[in-house]
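Keep the sequence and the model in view as you read.

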Amino acid sequence: MIRVWSGRQGAFAILVLVVTAVWRGLLLKASYLNQDDYYLTSRAYHHAGLSWDFLFEATAGHVQPAQQLTYWLVAHHAPFDWGTIAIGILVAELLTVAVMWHLLTRLLPDRWVRIPLLAAFAWSPITLVPTLWWSAGMGLWPPMLFLLLATLFFVRAQQRAGRVALDLAACVLAVVAGLAWHERGVLALAALAGVAIARSPRTGWRRVIEA
């Protein structure tokens, strides 16, 4: 794991992480709770105890037990504490960027192109608003993190000659965790299928069948 961050390319990857932490951290410092954040936090606060009904109750058409659990914990231990929430958002984003670097290293070992790809992922304007809005960030960063983890463990299983059971089990757990955060976690299955097809040594339709 340490070798992934070694050398000049690893140093540039660390620099991307540092710039991301500073830039997004400053933006988060100047932001605050917004729209659904108040409703979801208040709703969780008025549930004195945790229950399966609360965790799996549909909210705005979404079933997201892991998010509901997070809202409940924050509402009962740090209600409307933007500092705590902002740190959580930033940590989730930095972990996601770090896992992306591990995945890029698996797919493109020792290739400099990994650096601009990582920077494009970390600094994409598309993810700017979800970074500053708690409920939007909850629906983006954790599912993305688990999608990348599932893909990373899947690629590891493909690249290793044996002892792949743990990697495949971790892949399945990552998919389940992503679905627990948001139903868009199902996109992990499409990502895994795409990676399996792209990495297949077969040709034509046989690539799809093997995948």
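Which backbone oxygen does the side chain of threonine 105 reach? The side chain of threonine 105 reaches that of tryptophan 101, at 2.8 Å. This is a predicted model: local features need pLDDT of at least 70, side-chain atom pairs count only at pLDDT 80 or more, and totals for chains, interfaces and linings use all residues. Residues are numbered from 1 along each chain as its sequence is written, and side-chain values use heavy atoms, with hydrogens and water left out.

**Threonine 105**
- Threonine 105 sits in helix H5, residues 82–107 (helices are DSSP runs of H or I, at least four residues, numbered from the N terminus).
- Threonine 105 is buried, at 18% relative accessible area (buried means under 20%, exposed over 50%, partly exposed in between, with a 1.4 Å probe and protein chains only).
- Leaving aside neighbours within four places in sequence, threonine 105 is in contact with Val4 and Arg114 (contact means heavy atoms within 4.5 Å).

**Glutamine 9**
- Helix H1, residues 7–29, holds glutamine 9.
- Glutamine 9 is buried, with a relative accessible area of 12%.
- Not counting residues up to four places away in sequence, glutamine 9 touches Trp101, Asp110, Arg111, Trp112, Arg114 and Ile115.

**Tyrosine 38**
- Tyrosine 38 belongs to helix H2, residues 36–45.
- Tyrosine 38 is partly exposed, at 36% relative accessibility.
- Tyrosine 38 touches Tyr32, Leu33 and Phe80, with residues up to four places away in sequence not counted.
- From tyrosine 38 to glycine 61 is 23 residues in sequence and 18 Å in space, C-alpha to C-alpha.

Note on methods
Helix = DSSP H or I, 4+ residues; strand = E, 2+ residues; numbered from the N terminus. Polar contact = N/O pair within 3.5 Å; in protein donor to acceptor, adjacent residues only side chain to side chain.
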